[in-house]
Amino acid sequence: MPVALADPCLPQPYRVERRRRELAGTVTLELAPLAGACPAFAPGQFNMLYAFGVGEAAISLSGDPASRATFVHTVRHVGAVSGALAGLEPGATVGVRGPFGRGWPLAAAEGADVLVVAGGLGLAPLRPAIYAILARRERYGRVVILVGSRSPAEILYRRELERWRQRSDLEVRVTVDHADAGWRGHVGVVPALIPRADFDPQDTLALVCGPEVMMRFAANALLAAGIKAGRIHLSLERNMKCAIGLCGHCQFGPSFVCKDGPVMGLERIAEILAVPEI
Amino acid sequence: MEGIEEILGRHPFFAGFAAEHGRLVAGCARNQRFAAGEYLFREGDPADAFFLVRHGRVALELVEPGRPPVVFATLGEGEIVGASWLLPPYRWRFAARAVELTRAIGIDAACLRGKCEADHHLGYEMMKRFLPILVERLQATRLQILDVYGKR
């Protein structure tokens, strides 16, 4: 999707409109531009969010791509910048550059089954894709959403998952790595849900996002289920800095994750995905 | 009414199983029903059976003294509960509890071990079916212990 930006290196001021606590250390921010509307974005793209005086971080867009009023970002406090962003309160100002990168190839999914595999915070960059699919539900075959989490208390967007689970045109399965005896749902890793899901492996597009180890396991399970590598797409995370393919910080083999990704086809990256030096 | 042999024949675990082997296994099998909360077995008990889940959900759990049980896996329709019957000392290393009403085929372990010893073709077919399950669960365990969703 073309991005109309006067200067992609210049952060634009946005105001925090709303802040919602999702999980311990994880919040969702709604950001509105001080002037005008948000630029359009494609599901899977990211913004560079600048906590003034602290630094800048690449954060996936996690809201509805049909909405131009605000950008929605779910941020987890893992370091200084993400901690500063997660601590922003309504009314605070944040710098925004973007949207950047290549998103999920939803056009290639039309007419086919869609299998969404999310682990932990990986559901955030997939949520815009789910919104887009649901907005044009008739264009897709079976839609399966598999979500893995560490524990029942750490399931992201839990209420939304419950709402989706009520729909007859979605198959939603949630699993956790560990639980106490009070949890009545599934326990196990998310790749283990793949053989249990109902989809046609010959005609399915798989969208995967989560910790990279989880994605490698999921990719192996998807291949074992019969989905071709060319129909499996992963969203990668690297050290994005400039976000426009100039600085090289996010180099991933012959590609830059910021410009050629973050969503990349398994066919293209399978050989280097497990190489620790890359 | 469908017999055990037919039910076993349709269970994914026995896909491609020879008819004569199916009859041998069926001779060790019986239908079992577990109410929600009922234990299929507890840690330390003799591993005298394994279970093919037909309907329902089973939680595998470990207990630490003074703490509630930790569920590390759940198994459902079409899956197998229990591998400790394969190896000495034939004791369960965890507990299995029905999360909801669960119907399963229970296979008598001593009966089946005896038949596998007598017919190594049967034993080999059983091992070929159990080994992928064990490898898959080992892989899943690796991913679990990496705790990939934790803060890094």
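The questions and answers below go from the single chains to the sheet, the cores and the contact between the chains.

Modeller: This is a predicted model, in which local features need pLDDT of at least 70, side-chain atom pairs count only at pLDDT 80 or more, and totals for chains, interfaces and linings use all residues. Residues are numbered from 1 along each chain as its sequence is written, while chains are lettered from A and ligands numbered from 1 in the order in which they are written.

Colleague: Why does the radius of gyration of chain A agree with a compact globule?

Modeller: The radius of gyration is taken over C-alpha atoms, and the globule rule is 2.2 Å times the number of residues to the power 0.38. The C-alpha atoms of chain A fill a box of roughly 45 × 45 × 40 Å along the principal axes. With 278 residues, a compact globule would have a radius near 19 Å, and chain A agrees because its radius of gyration is 18 Å.

Colleague: What percentage of the residues of chain A count as buried?

Modeller: A residue is buried if 20 or more other C-beta atoms, placed from the backbone, lie within 10 Å of its own, exposed if 12 or fewer, and partly exposed in between. Of the 278 residues of chain A, the buried share is 47%.

Colleague: How many helices and strands does chain B have?

Modeller: Helices (H or I, at least four residues) and strands (E, at least two) are DSSP runs, numbered from the N terminus. From the N terminus on, the elements of chain B run α-α-β-β-β-β-β-β-β-β-α-α. The secondary structure of chain B therefore comes, by these DSSP runs, to four helices and eight strands.

Colleague: Which UniProt annotation covers residues 13-95 of chain B?

Modeller: UniProt positions are given in the numbering used here, feature names are shortened, and annotations may be inferred rather than shown by experiment. In the model, the span of residues 13-95 of chain B is 10% helix and 39% strand, and its end C-alpha atoms lie 22 Å apart. The unreviewed UniProt entry gives these residues of chain B the annotation "domain: Cyclic nucleotide-binding".

Colleague: In the hairpin of β1(A) and β2(A), which residue takes a positive phi?

Modeller: Two strands pair if DSSP finds at least two bridges between them. Eight bridges join β1(A) to β2(A), residues 26-33, and the two strands run antiparallel; Arg19(A) has Leu29(A) in β2(A) as its bridge partner. Two residues lie between the strands of this hairpin, and the positive phi, near 80°, belongs to Gly25(A).

Colleague: Which strands stand at the edges of the open sheet in chain A?

Modeller: Seven strands of chain A form this open sheet, with mixed pairing, in the order β11-β9-β8-β7-β12-β13-β16. Each edge strand has a single partner strand, so one side of each is left without a neighbour in the sheet; these strands are β11 and β16 of chain A.

Colleague: Which residue in β16(A) is the bridge partner of Leu234(A)?

Modeller: Three bridges join β13(A) to β16(A), and the strands run antiparallel. In β16(A), the partner of Leu234(A) is Met264(A).

Colleague: How many residues does the largest nonpolar core have?

Modeller: A nonpolar core is a set of buried Ala, Val, Leu, Ile, Met, Phe, Trp, Tyr and Cys residues joined through C-beta atoms within 7 Å. Residues with the most contacts inside the largest core include Val117(A), Leu146(A) and Val208(A). Elements giving it two or more residues include β7, β12 and α4 of chain A together with α4 of chain B. The size of this largest core is 54 residues.

Colleague: Which residues does Val208(A) contact, leaving aside its neighbours within four places in sequence?

Modeller: Two residues are in contact if their C-beta atoms, placed from the backbone, lie within 7 Å. With those neighbours left aside, Val208(A) is in contact with Val117(A), Met215(A), Ala218(A), Ala219(A), Ile232(A), His233(A) and Leu234(A).

Colleague: Which element gives the most to the side of chain A that touches chain B?

Modeller: The contact takes 22 residues from chain A and 19 residues from chain B. On the side of chain A, the elements that give two or more residues are β10, β11 and α4. The most, three residues, comes from α4(A).

Colleague: In β5(B), which residue is the bridge partner of Ala179(A)?

Modeller: β10(A) and β5(B), residues 70-76, pair in the antiparallel sense over two bridges. The partner of Ala179(A) in β5(B) is Val71(B).
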